[in-house]
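Hi,

Here is the structure I said I'd pass along.

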Amino acid sequence: MRKILLIISLVALVSMNANAQTKDVRIGIKTGPTIDWVSSGSTAVKNEGVRLGLNVGLVYDHYITSHVAISSGANFNLLRMKYTFTDHRYVDDFLEKTNVAVERRLKANNIEIPLKAKFDVDVTNSLKAYVEAGGGLSFNISDLAKDSYDFYWVSSKGENYIDCTNQYRMTQVSMIFGLGAEYEINRVFSLFAQLTFDHAFTNAFIRSMEKQTGSMILNNYFGVEFGILY
């Protein structure tokens, strides 16, 4: 995590030095906790509560008017979810493949590129409030899962996280909404805090897993982000 933060900080600094910026362009860094869960239109999936994750990222705002901006950047999301889904698998040497309810704890890591419209309003000379809405395209990095199930006389409790990246899609599309406030420290730097809701449109499972399980897994998170803008 320290390496990730260092890389993001260096990229931000290089970007600042490489561009003679005006107030039309704002660059920054951010981080904050997320509350993660899955949703699904399938009865084969049941969310088992929320878990705590983390978001670290870069912010790029390009103002096309004094109060309207196109906002982008990059988010490194460490999502943590827990859900039950029906899988078709071998549970015993003496049985054929059968449907079994599997409880999965998932550590999903991805990089998301957002593209949003941002609208702000001046509250005071130093404080502004804003809303933003748009979409995101995320690229899967890794997925680690710990599976458990009980099937009659057979019981399996996951002890270690196992790499299951090949069960999940490389890319996903999501919608993003944000609400925040920005406080100007001086003519150069501003601090901001933001609430973000991110909801995936596309199934996280690859096509073969979707067919095997009959499941649709949609990743969601609600985040509280803090950062600084230049």
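**Pockets and a surface patch**

The second largest pocket comes to about 200 Å³ in volume. It is lined by 14 residues, and R89, R104, A145, D147 and I162 are the ones closest to its centre. Strand β6 makes the largest contribution to that lining, with four residues, and β8 (162-163) is also among the elements that supply at least two. Sorted by class, the lining has six charged, four polar and four nonpolar residues. Keep in mind that this is a predicted model.

Now for the largest pocket, which holds about 340 Å³ of space. Its lining counts 16 residues, with K23, R26, S66, K128 and E184 closest to the centre. Two elements give two or more residues here: β6 (127-151) and β9 (171-184).

Away from the pockets, what else might you want to look at? There is a nonpolar patch on the surface, formed by I35, V50, L52, F119, V131, L179, L195 and F222. Together these residues have about 720 Å² of accessible area. One of them, F119, sits in strand β5, which covers residues 98-122. Is F119 buried, partly exposed or exposed? At a relative accessible area of 44%, F119 counts as partly exposed, because that class lies between under 20% for buried and over 50% for exposed.

Cheers

Note on methods: Residues are numbered from 1 along each chain as its sequence is written. This is a predicted model: local features need pLDDT of at least 70, side-chain atom pairs count only at pLDDT 80 or more; totals for chains, interfaces and linings use all residues. Side-chain values use heavy atoms; hydrogens and water are left out. On a 1 Å grid over the protein atoms alone, a cavity is a set of points where a 1.4 Å probe fits but cannot get out, and a pocket is an open set with protein on both sides within 12 Å along at least five of seven lines; lining residues have an atom within 4 Å of a point. Grid points are joined across faces, edges and corners, and a volume is the space filled by probe spheres set on the points. Ala, Val, Leu, Ile, Met, Phe, Trp, Tyr, Cys and Pro count as nonpolar, Asp, Glu, Lys and Arg as charged, and the others, Gly among them, as polar. Patches are made of residues with over 30% relative accessible area and no salt bridge: like charges are joined within 9 Å, nonpolar side chains (Val, Leu, Ile, Met, Phe, Trp, Tyr) within 5 Å. Accessible areas come from the Shrake-Rupley method with a 1.4 Å probe; for residues, only the protein chains shown count as cover. A salt bridge is a side-chain nitrogen of Lys or Arg within 4 Å of a carboxyl oxygen of Asp or Glu. Buried means under 20% relative accessible area, exposed over 50%, partly exposed in between (1.4 Å probe, protein chains only).
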